[in-house]
Amino acid sequence: QFNHLLLSPLTVLSAPTVVMHGTLLLLPLTIAVVAASGVSVLQPPSNRIAAALPRQGFELRSSACPRSTHGLATITPVYQQSLKLFGVQLGAATSFAISLAATANGLNRFAHFFTLGYGLSIASMAAAGLAAAKITTPAAFMHNVGLLLHGVRMSAFVAERDRSSSWKDRDAILAELDAKYGKKERLLPWAAYAAFYGLLYSPGLCHLRNPSLASSVFRPLFAYGITGLGLALQWGGLALEAVADHQKQAFKRELRAAGKPDTWCNTGLYSRIRHPNYLGEQLFWIGSALAGLPAMNSGVQLIAGGLGTAGILSTMRAAEAKLESKQRAKYGGIKRGLGYKEYIDSTGSLLPKF
């Protein structure tokens, strides 16, 4: 019920600020729990017990462990569990279908394919996966909760940004997109975006289906290390982008309240890095891919996860370059203490200058 409330489009659209600030409050608490739990968060429970038992004794789908009574399976690792929600098997096809539904509003407003639909797709797929998983490990759970929070936060951020007066100059560009793509012309982009978001989520889905990292190409200790590194990057990136977006929105809000003209943000994280939100987004997806990598045990899964991660990283790099060019043209002639050129010279695009 909590997931349904959290993911309700009406809830997200009517209270974006509450969702964003709630995420900011949850992040340090969750990260602290992960840090305090140590390596036990990354390891399946009762490894030594499981090693001494025959495989069929604790595999979720075996006749020795009926689905109706999990018994031993709840305290020992499972190899591959079948994820079913309302009797429907979760996999690539269902992820695509969920993403199609989440991005359907792009048929009315084309930009929603890659703005609001992006966040709703990731959040919806992660929520479905978490609801379908009968047994999981803390690492797989944290991986998918991170994906869920990221999707909810992005949806809330986009909703608030679209209502903000400081973004009204985008209306002309959005109207141009809507005029360029008719209803029929939007069908192919709709399917392409839905498939792309399915690829992005695939490491999280693999992690839920194989929570104990069985049959991994990596040795167990190395596999746990990769998953731990991935979770650290994922949650660190989520915190970074949330703080960066909050700081930039607060800066712009203060400008509007004071009646001052629009200018670049150079406070907080932006005093050292020009695009900390883009850095956080890229760290998040690299971390998600690493966290799910040891759970992948087929070439198709590796290719799907690799394509999704490479796609989002290349997209973010292209968006960063486009924003750099746009800001140079917009702010290049403005003098505010140091000029924009001096600001660029003293900061890094994604990493600080020392």
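**View 1. Cysteine 265 and cysteine 206 in the predicted model.** Cysteine 265 is buried, at 5% relative accessibility (buried means under 20% relative accessible area, exposed over 50%, partly exposed in between, with a 1.4 Å probe and protein chains only). Cysteine 206 is buried too, with a relative accessible area of 8%. The whole structure contains zero disulfides, a disulfide being a pair of cysteine sulfur atoms within 2.5 Å.

This is a predicted model, in which local features need pLDDT of at least 70 and side-chain atom pairs count only at pLDDT 80 or more, while totals for chains, interfaces and linings use all residues. Residues are numbered from 1 along each chain as its sequence is written, and side-chain values use heavy atoms, with hydrogens and water left out.

View 2. Helices (H or I, at least four residues) and strands (E, at least two) are DSSP runs, numbered from the N terminus. Helix α9 covers residues 187–209, and its end C-alpha atoms lie 31 Å apart, which agrees with the 33 Å that its 23 residues should span at 1.5 Å a residue. The expected span is 1.5 Å times one less than the number of residues. At tyrosine 201, shortly before proline 203, α9 has a kink of about 45°, the angle between axes fitted to the seven residues ending there and the seven starting there.

**View 3. Helix α10 and glycine 259.** Helix α10 (residues 220–257) has 38 residues and reaches 55 Å from its first C-alpha to its last, close to the expected 56 Å. Glycine 259, with a positive phi near 70°, follows α10.
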